[in-house]
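Here are my notes on the fold and the charged pairs. Please read them alongside the coordinates.

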Amino acid sequence: MKNTHINQAYFSTSQAAKVLGLSVGTVQRMVENGVFKAFITQGGHRRILSSSLSQYCKQHGCQTSTTEVVRPLICVLHDSQHQPAALGKLGQWEQVKVITHPLDLLGIQQTVGAFFIDARIPWLHASPLDLQEKLMHNAHIVVYNSRELPPSSPLHLSPKISLFEGDISTDLVFGYLLGTAHAHDADSDETNTLRENTPMAA
């Protein structure tokens, strides 16, 4: 096992193989089996998210010197009356926090990069944004089930709001993660050829 610095947004399978001390073929099979969160470039090359590789190393005791930049948290605010299967999966992701009660917002100390908000949550529209203002100040806001968003909702005041008519899904959040990985990578010429919505492991 090489003492490797994990400081990139994502890794090729050959790079990941060197980090893990495994063959490229083994890493490729791990990607196909969903062990790593990964995507495919238009050229057909697998790319493994650094956060996924780092998490695997922590879980399996890999002796790596991890200097990965701490990524901002992603918060999923979901209506407690509806519990799709995707919520359970998202709740297991290292970078994602699922919230169904307003008091859960109080315990967040980490910088939040994005909020995925269910438009059906009544308490978000009935109260002012005092509680959320500090957290949401520079965060991207994606409102899903957007057809249910009341015209009077204070969420409309957010400068970085995107509306999505569908429900929450692992693909939706994973796509955002790929986008942020793409934005943070300045070293690869292939970053301009990412194919959107092609996660291999969600």
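1. The protein has seven helices and nine strands. Helices (H or I, at least four residues) and strands (E, at least two) are DSSP runs, numbered from the N terminus.

2. This is a predicted model: local features need pLDDT of at least 70, side-chain atom pairs pLDDT 80 or more, while totals for chains, interfaces and linings use all residues. Residues are numbered from 1 along each chain as its sequence is written, and side-chain values use heavy atoms, without hydrogens or water.

3. Of the 202 residues, 45% are buried. Buried means under 20% relative accessible area, exposed over 50%, partly exposed in between (1.4 Å probe, protein chains only).

4. Among contacts (heavy atoms within 4.5 Å) with a separation of 6 or more, 63% join residues 24 or more positions apart.

5. There are three salt bridges. The criterion is a side-chain nitrogen of Lys or Arg within 4 Å of a carboxyl oxygen of Asp or Glu. One joins Glu 32 and Arg 46, at 2.6 Å from N to O. Glu 32 sits in helix α2 (residues 24–32) and Arg 46 in strand β3 (residues 46–49), 14 residues apart. Glu 32 is partly exposed, at 45% relative accessibility.

6. Asp 118, Arg 120 and Asp 167 form a salt-bridge network. Asp 118 to Arg 120 is 2.9 Å between the closest N and O atoms; Asp 167 to Arg 120 is 3.7 Å. The Asp 167 pair spans 47 residues, from the loop between β8 (161–164) and α7 (170–184) to the loop between β6 (112–118) and α5 (122–126).

7. Arg 120 is partly exposed at 22%, and Asp 167 is partly exposed at 30%.
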